[in-house]
Amino acid sequence: MGKPPKKKSLADKVRKTKTSSQIKNNAFEVKINRKKFDVLGRKSKHDVGLPGVSRSKAINKRKDTLLKEFRLKNKANKFVDRRFGEYDTKMAPEDKILQRFALERQRTQAKKDIYNLNEEEELTHYGQSLAEIEKLTDMVDSDSDSDEKGLLSAELTASNFGGGGGLLRKKRPGENDEDESQKHKSRQELIEELILKSKQEKRERQSQKEEAQELTEKLDQEWKSIQNLLVHKTPKAERMEEPEKPKLDDYDVMVRELGFEMKAQPSEKLKTPEELAKEERERLQKLEADRLKRMLGDVEENATQKQSHLSADDLNDGFILDNDDRKTLSYKDGKWNSDGGEEEGQEGEEGTGGEEEEDDEDGEDDGSGVDDEDDEEEEDEGEGGHSDLDSDQASGAEDEEEEENDEGEEEAAKAKPALSEEERKAMQEAAKAELPYTFAAPESFSDLKALLDGHSAEKQRLIVERIQKCNHPSLAAGNKAKLEKLFGFLLEYVGELAMRTPPELATVNIFIPQVYALCQLFPAAAHKVMQSLLGDSAHSMEESIEVKGRAAFPGLDMMIYLKIVALLFPTSDFRHPVTTPAFVYISQALTKCPVTSLESLSAGLVLCSLAVEFVSLSQRFVPELINFLLGLLHMAVPADTCTGYSVVPPFKQQGKASKLLLLSDAEASNSWSRKAIPLTSVHRVTAIRFMMVIVSCFRLSVLHTCLDLVKRCTLLYRQLPSYVQIFQPVRTLLAKHLPVQSYPSSLQELHREILEAIPETPSKHAPLVFEKKKPIPLKLLEPKIVQVLDYGKKRGNTKEERERERLKHKYKKEFKGALRELRKDTRFLAQAKLSDIMSRDAERKRKVKELYGSLATQEGEWKALRMKKRK
């Protein structure tokens, strides 16, 4: 038999109840995570505490939101205090009062300004501005209406306010008989006569005033028309007696000079590239049509005026004034001072003799024309004359003179004799020899070569430039494909120029801007062309290595292409579709191409310079570059054995080719001067091999270039951790094996700088080694993984079906949660409604009970009073 269940002791029950009460009453047992902001509808994952805490929070949230909406439902009346700052707890009461007072004043001021007239509009009356009329500049008219506004005549005042004593008084002796007729008129008739009389007088005064105003305006207009004729000029003798005017200071002189300077004119709007291309093509077509006319001898249009030649790249922005006859205006001693004033005066005397004679007859001064003009301008400014009208008349006279001159030139041009037959033939020959202005885009490389052959380098550049302008992509639909082909043809032509004997490098240099412009227009096509060129050259090098075991250095054309790659495309990118293959090609050439001649030495130095240029920004380490420079320096060492460094392919430690840079002529060091190695040395060094002095100077130049590249590499890779280990073999060769004493002083100085840049003591960093390969693990059979089904339900085999099932599950979960919350909200509202009903019923019961109590009290009092009356 089992043991009977152990009864719980009273202490356990007390402990249990005590624990729950302690938890409820002890604030340290409740954990509440506070939030910065309360967002409606957001679920908090960190509300941790007692079980009733989250429920009470939900009820409080419903009271703050749902219950308030229920209370305010179907209630339109709502009092909102809209006074400024009423709900702003941060503002002080005094600030609120001040702001409210300011807003009230603004509101009243805005109401007053509703019917104000617009100040920007100028109101006029009879052609005069009301603003000027309000200045009270007009003469005061004693009979004006403004003076009598609101006033009545003496008779009318006496008749109305004097009791009629003036009108109904007795006739005195000497008065007219007209007063006798007034005795028989009533008071109302007399008043009406007075009113009619006052109105008639008012109309007469108004008409007189209008007539006077019209006469005044007419007089003003007539005065303006004759005012210019009445300008008074004082004689020179009287003017000399006048006191001298004070001289202007420097500031006033400068201000007046700036007033007569040429003002900046608005420029034309900027044009789009499409508009510029269209205008340029139209200009070239017009020039080509003119050239064809001159070839045919058609010179009718050009007989009167010779056309100046404009190149295709002319921006048409030359605005140099060849014949500028304008005079410089300035001040001197408070008067006008213009350059060539005496000449102007002389011309004025010759050209306007009649006017001067008239002045003499009038008794005016016979001074120079310049002084007279200056004095007249000063007097006009002082008297406020119509100087603008004078300037307009003067400008009109100048325009008439210019028109007469133009007509005279046209008549003179028409009168010119026609060209002779010899001149016509010479002009035709010059037009035929002139370069055409329009070209069609070449369809093949042979077409481009036919266009460019036989012309100078500058004309070739001009032809290519005109091809681009006449076939701009914005002018026609197929021009883009034509110019993309032109980019490939230009590169091919550049390569052909580089491989000619001698190479035409000057022409190649002229074509580089054209190649760059096409690359900027069509970068995708430029990428494809350069990739194909590099790919073909790399493929031919690999074939040569497979067949012969070695490959020759790239030709001068490939060197030019690599230089163009460095100019057109970014070399600092980690990976680029053009520069990365070019960089790999240079590294492969430095590794696989052996150095067997002076030409190959020059080619290797060109490749090294290109490699340094490629990594100058990215500072990428190139081991092939360091090995190649070390091999070149080994060719200048006289000993066959090398200690402290090792020579790697494509160089050999011993052999005939290992002494190419060994200096054989000691006298060459004295006659050598530093010169740059030309690119043409890739082809023609062998031709001068029999001249020992020249060959020795060439070797010294190669050594100088090699040492200079080593110095640049030391500066480039100084930040590498293994910097000393990389350049330690180079330092050993330079310090112990290279015969520097027989070299010129510039080479010795460069040698010393390199040794100072490379420290002698090696660093503590571990040398670079190849990473060891991990052993290949044994092949293991992977177990078959079967997906376990959850809750006996099948899941979809594909990813889309699993995603659909997940969304369905999430939808059901959210739907259930929303339904649960809606039920809770409905239950809460039902409880609120029930509590309202119960509170209203309780209040009604309380009031009924109070009424019953009051009625019972009244009934008792009434019964007591009744019993008392009975007694």
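Trainee: Which residues have the most contacts inside the largest nonpolar core?

Mentor: A nonpolar core is read as a set of buried nonpolar residues joined through their side-chain atoms. In this structure, which is a predicted model, the largest nonpolar core has 114 residues, and F487 and L633 are those with the most contacts inside it. Helix α28, residues 692-716, supplies the largest share of this core, with 12 residues.

Trainee: With which residues is L633 in contact, once its neighbours within four places in sequence are left aside?

Mentor: Setting those neighbours aside, L633 is in contact with L703, C706, L707, V710, V730, L733, L734 and L738.

Trainee: What share of the residues in the protein chain is buried, and how many helices and strands are there?

Mentor: Of the 871 residues in the protein chain, 25% are buried, and the chain holds 31 helices and four strands. Among contacts with a separation of 6 or more, 72% are between residues 24 or more positions apart.

Trainee: Which residues make the nonpolar surface patch of about 430 Å²?

Mentor: That patch is made by Y811, F815, L819 and L822. L822, which is placed in helix α31, residues 799-870, counts as exposed because its relative accessibility is 52%, and the limit for that class is over 50%.

Trainee: Where is the pLDDT below 50, and what is the average for the protein chain?

Mentor: Where pLDDT is low, the predicted coordinates should not be read in detail. The protein chain averages a pLDDT of 76, and 67% of the residues score at least 70. The stretches to treat with care include residues 138-150, where pLDDT is below 50 and the model has seven contacts beyond near neighbours in sequence. Another is residues 338-416, over which pLDDT stays under 50, with 42 contacts in the model beyond four places in sequence.

Terms used: Residues numbered from 1 in each chain as written. Predicted model: local features only at pLDDT ≥ 70, side-chain atom pairs only at ≥ 80, totals over all residues. Heavy atoms only, no water. Patch = residues over 30% accessible without salt bridge, like charges linked within 9 Å, V, L, I, M, F, W, Y side chains within 5 Å. Areas by Shrake-Rupley, 256 points an atom, 1.4 Å probe, with all protein chains shown as cover. Salt bridge = Lys/Arg side-chain N within 4 Å of Asp/Glu carboxyl O. Helix = DSSP H or I, 4+ residues; strand = E, 2+ residues; numbered from the N terminus. Buried < 20%, exposed > 50% of the residue type's maximum accessible area, 1.4 Å probe, protein only. Core = buried A, V, L, I, M, F, W, Y, C linked by side-chain atoms within 4.5 Å. Contact = heavy atoms within 4.5 Å. pLDDT = per-residue confidence, 0-100.
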